[in-house]
Protein chains: 6
Amino acid sequence: MFLHIVFLLSLLSSTSHATVQDFCVADLKGADTPSGYPCKPPANVTSDDFVYTGLAEAANVTNIINAAVTPAFVAQFPGLNGLDLSAARLDLGPGGVIPLHTHPGANELLIVLQGHILAGFISSGNIVYQKVLKKGELMVFPQGLLHFQIAVGKRKALAFPVFSSAFPGLQILDFALFASNFSTPLVTQTTFLDPAIVKKLKGVLGGSG
Amino acid sequence: MFLHIVFLLSLLSSTSHATVQDFCVADLKGADTPSGYPCKPPANVTSDDFVYTGLAEAANVTNIINAAVTPAFVAQFPGLNGLDLSAARLDLGPGGVIPLHTHPGANELLIVLQGHILAGFISSGNIVYQKVLKKGELMVFPQGLLHFQIAVGKRKALAFPVFSSAFPGLQILDFALFASNFSTPLVTQTTFLDPAIVKKLKGVLGGSG
Amino acid sequence: MFLHIVFLLSLLSSTSHATVQDFCVADLKGADTPSGYPCKPPANVTSDDFVYTGLAEAANVTNIINAAVTPAFVAQFPGLNGLDLSAARLDLGPGGVIPLHTHPGANELLIVLQGHILAGFISSGNIVYQKVLKKGELMVFPQGLLHFQIAVGKRKALAFPVFSSAFPGLQILDFALFASNFSTPLVTQTTFLDPAIVKKLKGVLGGSG
Amino acid sequence: MFLHIVFLLSLLSSTSHATVQDFCVADLKGADTPSGYPCKPPANVTSDDFVYTGLAEAANVTNIINAAVTPAFVAQFPGLNGLDLSAARLDLGPGGVIPLHTHPGANELLIVLQGHILAGFISSGNIVYQKVLKKGELMVFPQGLLHFQIAVGKRKALAFPVFSSAFPGLQILDFALFASNFSTPLVTQTTFLDPAIVKKLKGVLGGSG
Amino acid sequence: MFLHIVFLLSLLSSTSHATVQDFCVADLKGADTPSGYPCKPPANVTSDDFVYTGLAEAANVTNIINAAVTPAFVAQFPGLNGLDLSAARLDLGPGGVIPLHTHPGANELLIVLQGHILAGFISSGNIVYQKVLKKGELMVFPQGLLHFQIAVGKRKALAFPVFSSAFPGLQILDFALFASNFSTPLVTQTTFLDPAIVKKLKGVLGGSG
Amino acid sequence: MFLHIVFLLSLLSSTSHATVQDFCVADLKGADTPSGYPCKPPANVTSDDFVYTGLAEAANVTNIINAAVTPAFVAQFPGLNGLDLSAARLDLGPGGVIPLHTHPGANELLIVLQGHILAGFISSGNIVYQKVLKKGELMVFPQGLLHFQIAVGKRKALAFPVFSSAFPGLQILDFALFASNFSTPLVTQTTFLDPAIVKKLKGVLGGSG
């Protein structure tokens with residue numbers, strides 16, 4: 001066997017230089033590109049770069065609504081850079097709602113871990129696909145379609161959505177309309193909602209324009 | 001030169017079999033796949049497969065609103081299959097509005113051909129990027145983000161949006177909410193609109209649930 | 001507002017045909033392609049196609065080893081087709097081990113839900129990145145690299161790995177070597193293990209050759 | 001409703017950091033990568049980054065030939081970076097010709113806006129697919145194949161080609177052969193054109209070698 | 001160790017169904033799609049599907065020109081389906097020429113095995129990059145750009161080009177112009193070659209129109 | 001013809017700026033990204049950037065084992081950057097073995113140039129596909145699967161593997177297990193090899209832990 005080993009050692013030396021890019025941990029200080037952030041030098045990479053602990057604790061949720069989204073996208077978890085995956089944590093109190101939203105850059109797979117969650121999405125053909133999900137059940141939401149999650153029953157709920165991109169994006173409908181600088185006349189013209197309603201919601205959510 | 005030609009002819013015969021798939025015109029009767037439709041046999045492909053005339057005429061628009069969208073996606077224009085491109089035609093009368101919508105599957109590049117169009121999109125960060133576009137001007141809308149187009153001024157307008165996919169999809173916000181089977185209690189819970197407003201709009205647009 | 005609605009209804013009719021492919025639920029009876037399975041006709045798609053309940057229950061685990069992998073790939077969960085996502089469930093008893101394996105077709109993101117799991121992977125540069133993960137912590141494993149998970153401490157453990165493909169594949173090292181038809185002389189020549197060891201393990205695992 | 005709003009505001013704060021990359025406007029001063037240019041910092045992005053006005057005017061065309069190509073690729077229109085789309089403007093006088101050329105990096109969809117254009121491409125199988133296109137008609141040209149556009153009839157013509165990449169490239173056959181440093185003996189050997197012809201065309205077009 | 005083995009066996013049974021698609025050998029009788037051919041059922045796949053012997057022999061070359069291209073694309077070698085690789089064999093006699101051509105669908109990497117080959121390509125910027133390659137040397141040709149290979153010196157030459165697609169395509173300039181149905185007036189208009197030259201070459205190469 | 005030429009010259013000037021990125025030769029001093037290295041400025045690119053001579057010579061092989069792998073990945077051959085291709089050279093003495101390994105980031109196509117090589121891979125389904133390859137024969141190895149090459153018979157062998165990525169990676173099983181910092185207890189637990197064997201191999205190969 002010893003002779004084989006000699007071979008192996010020489011093989012190692014000839015190839016060691018060629019094999020650096022198994023991964024590309026994000027250097028978040030570098031300018032990102034359409035494919036992601038520049039890579040941290042491999043020599044500086046440690047096990048901790050591939051681990052994220054920020055979803056371990058339930059988010060600080062008010063007694064009244066009991067709902068929060070905590071992301072683990074590449075900006076939080078640099079080890080995801082270039083790997084086409086990310087995750088988040090949903091904490092929902094009883095009746096808690098993640099309002100209608102889209103992920104412009106990724107498909108979503110939701111894993112329910114606690115409670116009962118009514119989840120659904122609306123297709124381009126204006127059909128709602130929805131279901132009450134229990135612990136351990138999965139639901140998939142195709143990229144870019146409006147969807148929601150609601151804790152049903154009297155129990156709180158917990159779920160981990162995962163995404164097919166390291167930067168899936170998140171556009172929350174109510175924020176886009178009423179917490180942005182989208183002018184009231186334009187909201188009215190492009191949604192057919194009455195100006196009075198738009199103004200009222202913008203007043204509360206802090207929208208301008 | 002003659003000798004070279006002999007070479008060329010033999011080269012042709014040896015390679016002719018290898019070079020069929022420059023394109024993949026859709027056989028729309030076949031089952032589609034995640035990458036598109038199966039290919040029509042190359043021997044049956046003609047010039048007409050690569051041409052689409054269905055956007056040449058202005059859409060039949062009512063006197064009152066003067067707005068229409070006519071798609072040239074792969075379902076209408078099979079030559080686009082597998083080519084990551086498609087188009088549509090927007091006809092807008094004075095004040096005509098393409099209401100808030102997204103394309104879940106593609107980026108959009110809008111080419112304005114007539115009139116003045118106020119176009120804009122809302123980012124995940126809830127910032128509205130908008131501009132009045134004139135003839136010959138372009139605007140780009142990243143995938144999956146809410147956007148709109150409005151003919152401003154007293155003139156009608158015409159534009160051709162193009163897309164980075166042969167099946168970009170189209171989700172119109174008002175239809176998703178008020179012309180679908182999305183139940184009124186769920187619309188209310190996930191948008192924070194009052195039930196009375198939701199019911200009224202569903203009544204007009206034909207939504208159920 | 002009524003006039004706007006008329007516009008909307010005409011817009012709907014002109015575009016309804018163009019917007020079928022938000023998703024491509026697998027028709028598993030069709031022949032798959034490099035991009036996945038053919039799509040089930042949209043008219044036959046229901047909410048259940050986007051939901052998977054097969055990971056809800058702990059796998060039937062023996063008292064002795066207490067470890068099992070249950071996949072939710074496209075073959076089990078047809079709604080994942082074309083969406084570049086899939087999942088699995090790991091049930092680990094105290095000391096349970098998922099032995100060294102790779103996913104040739106996907107990156108993996110592991111979500112730990114119960115217990116303490118020592119997880120790690122080996123890079124092309126022959127460096128081991130490993131960490132003990134607790135409830136709610138995540139670790140990412142780049143595509144194609146050898147990795148493992150072990151329940152440490154005296155408690156059982158539960159985790160959901162998710163993948164960046166609907167068919168990530170799974171190559172378990174011991175099965176590849178000792179449960180396959182890989183001949184003993186070839187295993188010996190290509191791994192430098194002694195034939196006696198190879199034969200012993202093949203005997204137990206059922207390998208031939 | 002007020003209580004819901006409180007929830008929304010907390011949701012906003014927890015996710016605002018995660019959602020920066022809806023787009024990646026090119027920083028053209030940065031070094032490009034295989035996926036495009038580095039992104040301009042989102043805080044510096046304005047509506048103007050998503051708009052391009054450089055195709056609005058007809059190119060300055062001579063009375064004799066009346067033909068010009070004006071590109072709107074990522075180098076001109078940084079908002080296209082990473083979005084897999086670009087455009088150009090073709091101005092053709094009566095009889096104007098865009099000579100045989102290829103786009104090595106993109107498929108093309110041509111939108112004819114004025115006049116009659118005879119357009120065609122040659123497949124790998126040496127079949128010419130061609131058609132006279134009128135106002136509002138579209139033709140698609142698969143990536144990398146030789147194609148041309150000619151204004152037919154006595155009228156000038158205008159068209160906007162769009163591309164499936166932000167940097168489609170443009171290789172004009174006559175320039176490649178006769179305006180480059182491609183040596184006359186090599187042109188002759190690899191095209192079977194007589195040296196006298198090659199020299200004459202190189203003399204006019206400025207080729208060397 | 002025995003107990004671990006029991007675990008392994010149960011692991012095997014639970015996952016065996018999930019792991020079929022490591023590969024997708026082409027069923028050439030099925031209709032191809034933009035991503036390739038449908039997959040042969042895995043149970044029918046044998047070692048021979050992954051092997052191709054058709055490039056082992058030198059092509060039958062005339063004494064006069066001594067040049068031939070033999071492809072190993074997916075149509076010849078079904079095991080390449082979906083794997084983004086293919087190859088060919090170039091046999092060149094002394095002075096043999098592979099005339100100017102492009103691969104519309106792939107980058108090329110040329111491996112020279114015998115003789116001296118002058119190879120080059122022309123960029124979009126009309127610069128020729130060329131070099132004389134010797135045995136064991138490599139040259140890369142970016143997708144869609146015109147390139148050529150010539151055996152220089154008095155020796156014959158042999159090379160294997162490989163491609164970044166299973167169907168790279170092959171458009172030979174002289175065939176596109178003079179062996180196709182591209183009409184003489186159009187060739188003249190789009191290349192600025194004199195009609196007499198075009199007719200002469202079409203006469204020899206068999207072009208029509 | 002002269003008038004056409006005038007057109008051509010003006011066309012050239014208007015488009016010259018738009019067509020820089022046919023290629024992206026790696027600037028290896030820049031930080032890499034998930035899509036590869038930043039591009040060397042086109043003005044500095046020469047023919048030599050597209051050529052690699054480092055595989056021309058047989059590797060320095062010991063008399064005893066006669067085997068070596070020499071890579072031509074992007075780190076050695078910067079012209080491959082962004083082109084989804086790379087290569088290597090295998091020199092095998094009589095009986096020489098490339099031990100079990102995977103390429104985590106690419107499919108492989110092996111071209112045998114000399115001698116007889118027994119090559120094979122193991123699928124996720126634990127089936128070995130293997131064959132003795134002769135001069136000029138090809139075999140394909142799907143991404144991420146364990147495979148090997150052995151020179152059979154009494155002759156030395158030579159082969160060029162090519163890959164579907166510019167950085168395919170290389171994980172050699174014995175090095176991952178026995179030349180890394182993978183601790184002996186963990187190797188034992190995750191491979192079911194006896195600690196004595198593990199320690200012995202680590203001793204020879206230099207593994208720690």
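Two strands are taken to pair if DSSP finds at least two bridges between them. Helices (H or I, at least four residues) and strands (E, at least two) are DSSP runs, numbered from the N terminus.

The model is predicted: local features need pLDDT of at least 70 and side-chain atom pairs count only at pLDDT 80 or more, whereas totals for chains, interfaces and linings use all residues. Residues are numbered from 1 along each chain as its sequence is written, chains are lettered from A and ligands numbered from 1 in the order in which they are written, and side-chain values use heavy atoms, with hydrogens and water left out.

**A hairpin in chain F**

In chain F, strands β6 (residues 116-122) and β7 (residues 128-133) run antiparallel and are joined by six bridges. One of these pairings sets G120(F) against Q130(F) in β7(F). Five residues lie between the strands of this hairpin, and N126(F) takes a positive phi near 65 degrees there.

**Two interfaces**

The table sets out two interfaces by buried area, which is the accessible area (1.4 Å probe) that two parts lose on being put together, summed over both.

| Chains | Buried area | Share on carbon and sulfur atoms |
|---|---|---|
| chain D and chain E | about 3400 Å² | 62% |
| chain C and chain A | about 4400 Å² | 73% |

Contact means heavy atoms within 4.5 Å. Between chain D and chain E, the contact takes 42 residues from each of the two chains. On the side of chain D, the residues that lose the most area to chain E are N126(D), Q171(D) and T190(D), together 17% of what that side buries.

A salt bridge requires a side-chain nitrogen of Lys or Arg within 4 Å of a carboxyl oxygen of Asp or Glu. Two are found across the interface of chain D and chain E. D194(D) and K200(E) form a salt bridge, with their closest N and O atoms 3.9 Å apart. A polar contact is a pair of N or O atoms within 3.5 Å; within protein, one must be able to donate a hydrogen and the other to accept it, and residues adjacent in sequence count only if both atoms are side-chain atoms. Twelve residue pairs (both at pLDDT 80 or more) are in polar contact between chain D and chain E. Among the elements of chain D, α2(D) gives the most to the side that touches chain E, with five residues. The residues of that side comprise 25 nonpolar, 14 polar and three charged. In this division, Ala, Val, Leu, Ile, Met, Phe, Trp, Tyr, Cys and Pro count as nonpolar, Asp, Glu, Lys and Arg as charged, and the others, Gly among them, as polar.

Turning to the other interface, 55 residues of chain C are in contact with 56 residues of chain A. The count of salt bridges between chain C and chain A is two. K131(A) and D48(C) meet through their side chains in a salt bridge, at 2.1 Å from N to O. Twelve residue pairs (both at pLDDT 80 or more) are in polar contact across the interface of chain C and chain A. Strand β8 (residues 138-141) of chain A runs antiparallel to β1(C), joined by two bridges, and M139(A) stands opposite V51(C).

**Disulfides**

A disulfide is identified as a pair of cysteine sulfur atoms within 2.5 Å. Over all chains, the structure holds six disulfides. C24(A) and C39(A) form a disulfide with their sulfur atoms 2.0 Å apart. The torsion about the S-S bond of C24(A) and C39(A) is about -100 degrees, so this disulfide is left-handed. C24(A) and C39(A) are 15 residues apart, each in the loop between α1 (2-15) and β1 (51-52) of chain A.
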